[in-house]
Amino acid sequence: IGPGTPGVIVGPARDAPPECRRLLVRFSLSGAEADAVEDVACDSEDIETAIAGNFRRGNAVIATRDLRVGGAVVVREGVLGSVVGPSSSDSQHRVTVSFSHREDGSRNRLNCVVNEIRLYLAGGLEVGARIQVVRGLSLGDNRALVPSGSRGTVVGPASEEPLVRVLVRLDNLPASFGPADREVRADDLALVIAGGFRRGESVSAAKDLRVKGAVVVKQGVAGTVVGQSATDPGGRVTVAFARREDGRMNNLNVVPAEIQRMPCTGGLVPGDRVAALRQLLVVPRGAYGSVLGPSCARSSRVAVCFQPVDDTEEEVVLHVEPEDLRALASIGEDVDDSGPDAADADEMTEDSTRGVAAGGYDRGDAVCATRDLCVRGKVVVRANVLGTVIGPSGGDPAGRVTVAFAWREDGKSNNLNVVTSEIRKVELKSLAQGEQCPICLGELVADTTGNCQEARSEAICRMPCGHVLHAACIRKYINHQTAGASSGPPAAAPAAAGSALSLAPLKPAQCPVCRRGVLP
């Protein structure tokens with residue numbers, strides 16, 4: 001009886017103790033063996049419940065779209081969950097999943113159709129994706145080395161450490177290397193996309209794109225690379241365009257010649273080395289990063305993958321203003337990949353060119369609206385909504401201040417140019433004793449103020465919307481929500497094609513509490 005053979009549990013096996021824990025299973029065999037084998041006593045470790053879609057109990061999965069119950073969204077697209085088992089009401093087509101977060105606050109499980117979820121694989125990879133090895137891999141005790149550039153196909157999650165490793169079937173592996181299926185860290189792999197594009201890279205249509213003779217995307221419309229085409233992974237790229245003429249929201253599979261890369265703002269280009277000029281959420285001043293490309297959240301920003309300052313942290317991708325960055329490569333600085341030293345961090349992050357805004361406000365000051373702010377008669381920001389000073393207004397630097405508010409009533413993400421009487425500085429409140437982190441439910445440190453401070457060996461991060469979480473928790477959350485950032489800087493030129501590719505986020509991260517966009 002081989003692995004994967006279907007069967008039905010008849011009942012407990014008629015064994016004497018201590019073997020009474022075995023189960024009697026009737027397998028559905030084909031061929032001459034069907035008459036020879038009928039009921040078999042099996043240990044519970046040797047069988048598992050058959051689940052629709054070939055999912056297995058305990059698999060980490062992600063919602064592929066917003067899931068609704070009674071017309072209301074209860075689970076957002078991209079939320080992580082765990083497979084509990086087959087649905088008791090429709091085991092042939094549905095799977096019972098326990099999601100990490102529900103919009104209605106309920107802890108109930110959901111019975112999902114198999115196409116509403118997909119396996120979560122480390123590095124944002126998918127089953128069937130074509131990959132290449134970006135650094136040599138040692139296989140087995142014989143220390144056989146798979147060279148960088150070797151290609152293969154993702155088979156599924158690894159049996160050990162499934163959140164950081166994947167099972168890969170390598171191409172043309174010599175027989176002396178052993179089995180072709182190997183468990184590999186996702187950091188050691190790069191997704192192979194036609195035309196050398198990267199997942200999350202911002203592009204635009206190079207010409208009018210047609211489907212069955214009708215124009216569906218106009219030339220110049222911006223889009224985001226989603227990944228390989230499922231039908232032609234070697235020749236086409238799947239792109240999510242910002243606007244389609246037919247009103248649909250479907251992605252398009254295009255050939256590389258039909259799209260072109262978009263330049264970044266601020267004179268930056270993908271691959272540039274930069275340093276943060278101020279605290280950016282969980283990224284401290286002076287932290288090093290690499291530009292991934294233009295931001296898909298706001299045209300004035302760029303997506304940057306920041307390196308961890310120490311071994312206890314992880315990389316994180318943020319959408320930031322170019323004014324918050326110092327381009328290191330452009331001035332020929334010798335960059336230490338280990339990160340900034342504490343002794344010279346303040347010196348290297350000072351920006352003497354930035355002036356003080358009207359009203360004595362400085363860039364990065366925490367403010368709130370003193371009243372409802374209106375644009376053309378409509379309220380766009382309510383009173384007491386928090387915001388961050390971006391700098392003096394370009395149109396009226398002496399009388400107005402540009403502010404990025406945490407929430408706008410019209411749903412837009414644009415900054416607002418306000419007069420100084422419409423905002424006031426706020427002192428961020430101290431944490432109450434016993435207040436919990438919304439992600440890990442661990443206690444936050446009391447009496448902590450500021451964006452991010454170290455206390456009791458735990459860093460605290462205050463989001464632009466005002467919610468406070470552990471810095472380590474929000475790093476993991478942002479990395480998960482933005483599809484992860486693999487180790488190493490992106491390739492800046494074809495010569496660097498062998499280096500690891502960082503994945504830019506497909507959309508900006510959201511606060512895990514209020515679900516508002518998180519832009520520092």
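# Briefing: fold, surface and charge pairs

Of the protein's 520 residues, 42% count as buried (under 20% relative accessible area; exposed is over 50%, partly exposed in between; 1.4 Å probe, protein chains only). The model is predicted: local features need pLDDT of at least 70, side-chain atom pairs count only at pLDDT 80 or more, and totals for chains, interfaces and linings use all residues. Numbering starts from 1 along each chain as its sequence is written, and side-chain values use heavy atoms, with hydrogens and water left out.

**Overall build**

- The protein has 39 strands and three helices. Both are DSSP runs numbered from the N terminus: helices are H or I with at least four residues, strands are E with at least two.
- Among contacts with a separation of 6 or more, 49% join residues 24 or more positions apart. A contact means heavy atoms within 4.5 Å.
- The accessible surface is about 26800 Å², and carbon and sulfur atoms hold 47% of that. Areas come from the Shrake-Rupley method with a 1.4 Å probe; for residues, only the protein chains shown count as cover.

- Glu-183 sits in strand S16, residues 181-185.
- Glu-183 counts as partly exposed because its relative accessibility is 28%.
- Beyond residues up to four places away in sequence, Glu-183 touches Ala-158, Ser-159, Glu-160, Arg-165, Val-166 and Leu-167.
- Glu-183 and Arg-165 are 18 residues apart in sequence, and their C-alpha atoms are 6.3 Å apart.
- A salt bridge joins Arg-169 and Asp-181, with the closest N and O atoms 2.7 Å apart. This pair links distant parts of the chain: Arg-169 is in strand S15 (residues 165-170), Asp-181 is in strand S16, and twelve residues separate them.
- Both partners are partly exposed: Arg-169 at 43% relative accessibility, Asp-181 at 30% relative accessible area.
- Arg-185 forms a salt bridge with Asp-187, at 3.5 Å between the closest N and O atoms. Arg-185 is partly exposed at 34%, and Asp-187 is partly exposed at 25%.

**Salt bridges elsewhere**

- The structure holds 13 salt bridges (a side-chain nitrogen of Lys or Arg within 4 Å of a carboxyl oxygen of Asp or Glu).
- Side chains of opposite charge can pair when their charged atoms come close.
- Arg-76 and Asp-66 meet in one of them, at 3.4 Å from N to O. Arg-76 is in the loop between strand S6 (72-75) and strand S7 (80-86), and Asp-66 is in the loop between strand S4 (60-63) and strand S5 (67-69), so the pair ties together parts that are ten residues apart in sequence.
- Arg-76 is partly exposed at 34%. Asp-66 is partly exposed at 30%.
- Asp-66, Arg-76 and Glu-103 are linked in a network of salt bridges.

**Cysteines**

- The structure has zero disulfides (pairs of cysteine sulfur atoms within 2.5 Å).
- Cys-440 is in no disulfide; its nearest cysteine sulfur, that of Cys-473, is 3.7 Å away.
- Cys-440 is partly exposed, at 40% relative accessible area. Cys-42 counts as buried because its relative accessibility is 8%.

**Rings**

- Arg-261 lies over the face of Phe-197, 4.3 Å from the ring centre. A charge sits over a ring if NZ of Lys or CZ of Arg is within 6 Å of the ring centre and within 35 degrees of the ring normal.
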